[in-house]
Structures are given as structure tokens and as C-alpha cells.
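Open the model in your viewer and keep the selection panel at hand. The stops below follow one another, with something to select at each.

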Amino acid sequence: MSTADATAGAVLANRRGWLGSLSDFFWRQPTLFVLLMLTPAALWLGIVYLGSLFALLLQSFFAIDEFSGIVDRSTLTLKTYAELLKPQNLDIIVRTVMMAASVTLASAVIAFPIAYVAARYARGKWKALFYLGVMLPLWSSYLVKIYAWKLILAKEGILNWVFAQLHLTFVLDALLGIPVIGGNSLSISFIGTFLVFVYVWLPYMILPIQAAVERVPSNLIEASSDLGAPPLQTFRHVIFPLALPGIIAGSIFTFSLTLGDYIIPQVIGSSRLFIGQAVYAHQGTAGNIPLAAAFTVVPIVIMGFYLWMAKRQGAFDAL
Amino acid sequence: MTAAVSLQQVSRHFGAVKALDQIDLEVGAGEFFAMLGPSGSGKTTCLRLIAGFEQPTSGHIRIFGEAVEGVPPYRRNVNTVFQDYALFPHMNVLENVAYPLMLRKVDKQARAKQAEAALELVKLGGYGTRRPGELSGGQRQRVALARAIINKPKVLLLDEPLGALDLKLREQMQEELKALQKTLGITFILVTHDQGEALSMADRVAVFDQGKVRQVGTPEDIYRLPNSRFVADFVGSSNIMPPGFVESIVGEKRWASLRPEAIHVTTGEGASQLSGTVVARSYLGSTTRLAVDLDGTRIHAVVPSGDDVPGEGARVTLGFAKDALHLMENEG
């Protein structure tokens, strides 16, 4: 072996087989590599996901013939959307939006302190415990949880029993006596629906807020305090604005999940419908696919409007 | 001299770690005071105690005579310039500077006017509408400074304010900070690990080491008359002379410090204990630093650069005035 060869080997490491050649090729063609990485995701998102969404959107512009019950696919019409504005359908929309809004607000209020403590004070073992505590409910079956809640909230359930033991049954009765949201027992009232919604979606609010608060540098909080801000002012002017993207992210989850859910209100609540149940009923037994599609468009429009408002309010400025 | 800040027997322990261990310190009103020390020496903890971010484990802190135990930072008339500036990213420069005024419910116009004036003072007039993210490190530093002085605090704390700036900018900011302190007449307390910064800016310097204050004095005292081997070594680049050597010169068996620039070097043999061999030579521009091996003791001397500077391996004799040899009182 000549000296020149020895030197070359020492400077440039040998290529290891065809896999090595492939690595070298991609190193020289980074754009190609990125493209290759994106293709499966783009196919999935583009065809399977967005494609079905557009198919749905298209369905909502058809209308059902009231006499024959056959969907007319030859003409595009806004007739089905006009249907949405009928009082019984509008009722469903308003009811669902109100529920989604209250669930979101309550989740944010409950989640923030938990997320804040976890982000700023919990360390090591405690942090692991926090994640476990928040995620654990997500690992068990959704249906099992909901039926468990039905038992908890039932008239013969544990909650009633606790209130009775504490001689506080009158509080529960007063609560259930409120018109519209009250009812015969918690398990068949909107209060019950609300409680279960908050329970089920809470982790989706806690985790984004926790991530957002964790990203707020602690020296900003110290700086605010140093410049004369008592804790409440620091919260208002520094922590809250910087955590807002996290709250918005969480609220997107809780709001849209509540808008679309059809199982919880069916198991726990009064017999009055939510959007999800309406979609289920119309596309199933009623066979009115266009109206079901139009109902499905409602949450999409509401979420779009919500995000647009959030952006206008500067919710994403700190990103 | 009224004390702006006084610490009496102040300790701050974190578990078994004594970040500060029974220190006493007095900072005069209107003084530019520097706390100098290596990282982990307790100087930043000391600053945080004065700002109120930490509470002392024991001891008393007074700010202009008032005890501040249990007083939160937002009730102390003390402001801090943070090491990484801590500017609020969701506010523009003007809103950042006007933040303390906003908290005091100063009306919007007066706020903007005062904030603009403060920005002028730090030479950033007209930058109000920018976001902190759009500024350079030096500019962010100035915004942090403007924000910290807008409330006219009694004491301004500066935590390694120039650490992230490059050399040229650092020198410029040093002069500006000093001028600003004269204009405002506020007590400045500067924390730094850079001895050059401390010596050039401060009226007095406290040298920290392992949670203790080793020496307090004017920059000149600290530099010329260090009281211990640590101070001599940390502040500048003094030669630390062992007791045996010192005894042979002044007759006292004590540790002493000897500044490299106090030594003059002549080529050739002389008195035996002062003759040695040049083992290293580094060119520093107007001066050249020589390392001379003196019978096993390595001594640094700084001589004017020129053709007659001895090279490596040359035999030389060192000379210095007897009183250049400073006996350190805190060493045996």
C-alpha cells in the first residue's frame, strides 16, 4: 500500500455498503429527503382526510326530497342549510355551542392552577406523578368512564349519598331545581352532562397550558415582580398573555370535542339533542345525509370563526 | 456616609450548600459598588437577596436603614438589570420600558413621554415600536437598563449586564454605565466575574469567594494591596511569592504578592535568588509577558515590547523595589 492511499483512508472514512451510499446521496440532496419524508403524511392528510372532508362538504349542498326521501344529487342547493335555521335545529346548535363554551371555560379555570403548579414547581418524581395523574384517565375506555359517571351521578349514586351524609341534599335539590339545566337527577340533567364533559376533556386543556407555562422564562416573572408588580398583576400582564397560546390550544380541543361528541349527552343528560346526536340520527335512521353533513359543517365554521377571533385578539402574538 | 444597603451576618444556605456564609457588607449611598468573584462564589445570591428574590437563611439586610426581611421584590424600591435582560417578548420596547409606570397607573400619554425620555437616555430614542426580538444584544441591554431606571429606584442592581456583549461594545457600555450612574446619582451594585469590568467601573469592589467576602476596597487597594492569595490571583495576574522567597528578600516568612509590571528584567546573572531562565514569552502588543523560572518558582513579568526583550531560554535577573512586595495580611 502506498503512502498516498494510507493518507486518503485516514481523511475520508470508507463508505459502508449501499446504505452508506444512500446516506451520502440524501446528504447531498436534502430537498429530496424532506420530500420523501413528507409524502406518506401528505397522502394521508390530502386524500384520506381532506378528501373525505370535501366529500362531506359536497353532501351538505344536496337536499333530500321530502316525499320520496331520496337524496337529489343532481343539483347544488342551499336548501339544507336553510333547514338548519328551523327552530328545532337552531335549538340544537345553540344548546351545543353553549355547552361547549361552558365546558371550555370551566376546563380552563380548573386546568390553569394545576398546569401552573406542574410547570413551575413540580420537579422530578412529582412531575412524573403529575403526568401520570393527568394521562391515566385517558388510558381507560371512554365508555367505561362515562357509564361509571352515570352510576356516580344517578339518584341512587354515590354523589347523592355523600350529599345526604353531609345533610346537604337541599343544595343538590336547589341545583337540580334550576330550570333547563336541572332535572330529576344529575345523571339526566345538563349539569350532569357538563360535569362529565369537563372530566373527560380536562387533560386536553391541562397539557397545552402546562407546556405554555413551562416555556415562560422564570426571570420574566422575577423581572415583573422587581419592577413593582404584585403577583396578581404579574399574572395578568406577563404569565397570562404568554400562556394564552396554550389556553387557546387547549380550548380548541375542549371546544371542538364537545361540539362533536354524541355519546356523553346520550348516556348522561336529558333527551334533548346535541349536534353530534343530530348528525348520528340524521345520517342513520332518518337517512338524511345532507342535513347530517350540514350539521357537521356547523362546528367547523364555529371553530374557524373562533380561531379567527383569537388571532385578532392577539392570542398568538407570543408564539 | 449613609449606607444604601447594609448586610449584617447574612447567610443563605441551599440545603447543605452555603451560597453565602455570614457576610457583612456596607454599600454607601450614591456609590458604584461591584461584587466580583468567580461563578459559584455567592455574588449573584447576594444580589438576589437585595432584590428580594431570595430570603436570607439568617442575618439582617437593610436598604436605606429599613429592614427588608419578608418584604417582597415588588415593594422594594430596588430595580434589577437581568443578565439575559428579561424583556417581555409580547410587548414592544416602549411598553417594556413603561411597564413600571403602567403598574402605577400613570396615564398613557405621560407614560409614553417618560418612557421615550428614558430611551433617549440610553440612546435608543425612536425604537419604541420595535419588538425585543428585533433588537441586537446591545440594544436589548439598553432597553433593560431604561426599564430599570424609569422608576428612579434607590438602588440599581446589575447582574453581569455586559456578559453577553462583545469586547468593543462592552468597553463602550462600561463608560456609558459609569456616566449614567453619575447623571442619575443612584446607587449601582454591579455583579461581575470580570475583574477588568469591576476595577474600571466601580468606586469600591467586594471580592467574593466560596460564599465569603474576601476583601472590600477601592479598585486600587484591591489591585495593589490584595489581602490574600485568592484576591491576588483572581484580581489581575499577580505573582504569589512563597514565604521562603519572601523571607530571603524582606526577612519575614510570609506570603506576598508581586505585580508583573513592578518587575524589571535585565539580561545576565545577578543575585542568585533573583536569577532565572525565561521559559515562555507572549507578545501582548505594547508589552510582552515573560514567564521566568526562578529555581522552580514561576514568575511572570511584563516588560515593554522592543528588540531587547530576552527570548526563551535566556538567563535573566529580576529586579523590583522592596515595597513592591506586598505582604498579605490574611495569609500565614
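Predicted model: local features only at pLDDT ≥ 70, side-chain atom pairs only at ≥ 80, totals over all residues.

Now colour the two domains of chain B separately: the domain assignment puts domain 1 at 3-233 and domain 2 at 237-327. Their C-alpha centres are 38 Å apart.

## A helix inside chain B

Next, select helix 4 (residues 137-149) of chain B. Its 13 residues should span 18 Å at 1.5 Å a residue, and the 19 Å between its end C-alpha atoms agrees with this. Is helix 4 of chain B largely enclosed or open? Ten of its 13 residues are buried, so the rest of the structure largely encloses it. Among the buried residues are B:Arg140, B:Gln141, B:Leu145 and B:Ile149. To see what covers them, show strand 6 (78-81), helix 2 (93-103), helix 3 (108-121), strand 7 (155-159) and helix 5 (167-184) of chain B, which are included in the cover.

## Over to chain A

Finally, select chain A, which has 15 helices and two strands. Along the principal axes, its C-alpha atoms fill a box of roughly 95 × 65 × 40 Å. The radius of gyration of chain A is 27 Å, whereas a compact globule of 319 residues would have one near 20 Å. Of the 319 residues of chain A, 31% count as buried.

Conventions. Residues numbered from 1 in each chain as written. Chains lettered and ligands numbered in written order. Domains from an automatic or database assignment. Helix = DSSP H or I, 4+ residues; strand = E, 2+ residues; numbered from the N terminus. Expected span 1.5 Å × (residues − 1). Buried ≥ 20, exposed ≤ 12 C-beta atoms within 10 Å, placed from the backbone. Contact = placed C-beta atoms within 7 Å. Rg over C-alpha atoms; globule rule 2.2 N^0.38 Å.
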